[in-house]
Amino acid sequence: MPAIPSGCYYRGSVYPFGWFSTRHCESCQCSTSGQVMCMFNDCWQPACADPVQEKDYCCPTCPNGYTCKAPDGHIVKAGETYHLNSYTSCQCATQIGASFKAICTQQNPSIP
């Protein structure tokens, strides 16, 4: 009589019935029929202009918090004002889902 399987054979190893993970960011399920189904974790778009892919995380993170990018490429943190030049200042828009481009306003230079 053949042995009753106690799990699933996948990539050279046997895994018990239920959920398991073999690689970072991949979740697999071993069914009682011995079949394996795997999927990669989905990620949301990070809420910043300078996301970082950290080693122990599946999805990019925003270690600097909410940020945006000035026209010259400078990263601006939420709540900060960046002076692009002597008459242009830039800030992050406060709404989530923005394009992460800084909103810049120019003040007319005073003419003596």
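**Rings, Strands and Cores**

Ring pairs join Y10, Y15 and F20 into a cluster. Rings of Phe, Tyr and Trp (for Trp, the six-membered ring) form a pair if their centres lie within 6.5 Å; planes under 30 degrees apart count as stacked, over 60 as edge-to-face, and the rest as tilted. The model is predicted, and local features therefore need a pLDDT of at least 70, side-chain atom pairs count only at pLDDT 80 or more, and totals for chains, interfaces and linings use all residues. Residues are numbered from 1 along each chain as its sequence is written, and side-chain values use heavy atoms, with hydrogens and water left out.

The overall plan comes next. The protein chain contains zero helices and 10 strands, and its pattern along the sequence is β-β-β-β-β-β-β-β-β-β. Helices (H or I, at least four residues) and strands (E, at least two) are DSSP runs, numbered from the N terminus. Of the 112 residues in the protein chain, 25% count as buried. Buried means under 20% relative accessible area, exposed means over 50%, and partly exposed lies in between, with a 1.4 Å probe and protein chains only. The protein chain has an accessible surface of about 8300 Å², and carbon and sulfur atoms account for 55% of that surface. Such areas come from the Shrake-Rupley method with a 1.4 Å probe; for residues, only the protein chains shown count as cover. Among contacts in the protein chain with a separation of 6 or more, 22% join residues 24 or more positions apart; a contact means heavy atoms within 4.5 Å.

The strands can now be followed into sheets. Strands of a sheet pair through backbone hydrogen bonds, either parallel or antiparallel. Two strands are said to pair if DSSP finds at least two bridges between them. Strand β4 (residues 26-30) and β5 are paired in the antiparallel sense over five bridges, and the bridge partner of E26 in β5 is F40.

Another open sheet of three strands has the order β8-β9-β10, again with antiparallel pairing. Its edge strands are β8 and β10, each of which pairs on one side only. From one strand to the next, the twist in this sheet averages 30 degrees. Strand β8 (residues 82-85) and strand β9 (residues 88-91) pair in the antiparallel sense over three bridges, and β8 and β9 form a hairpin with two residues between them. Within this pairing, N85 stands opposite T88 in β9, while H83 stands opposite S89 in β9.

What lies in the interior? The largest nonpolar core has 10 residues: A49, Y66, C68, A70, V76, Y82, C90, C92, F100 and A102. Another core, of six residues, lies apart from it, and C8, Y15, F20 and C30 are among its members. A nonpolar core is a set of buried Ala, Val, Leu, Ile, Met, Phe, Trp, Tyr and Cys residues joined through side-chain atoms within 4.5 Å. Leaving aside neighbours within four places in sequence, Y82 is in contact with A70, D72, H74, V76, T88, S89 and C90. By the same rule, A49, which lies in the loop between β5 and β6, is in contact with T67, C68, K69, I75 and F100.

The aromatic residues return here, for the structure holds three aromatic pairs. The rings of Y15 and F20 have their centres 4.1 Å apart and their planes at 5 degrees, so this pair is stacked. Y15 is buried, with a relative accessible area of 19%, and F20 is buried at 11%. The rings of Y66 and F100 have their centres 5.9 Å apart and their planes at 55 degrees, so this pair is tilted. Because Y66 lies in the loop between β5 and β6 (67-69) and F100 in the loop between β9 and β10 (103-106), the pair ties together parts that are 34 residues apart in sequence. Both Y66 and F100 are buried.

Technical notes. Axes fitted to C-alpha atoms, helices over the stretch in contact; angles between N-to-C directions.
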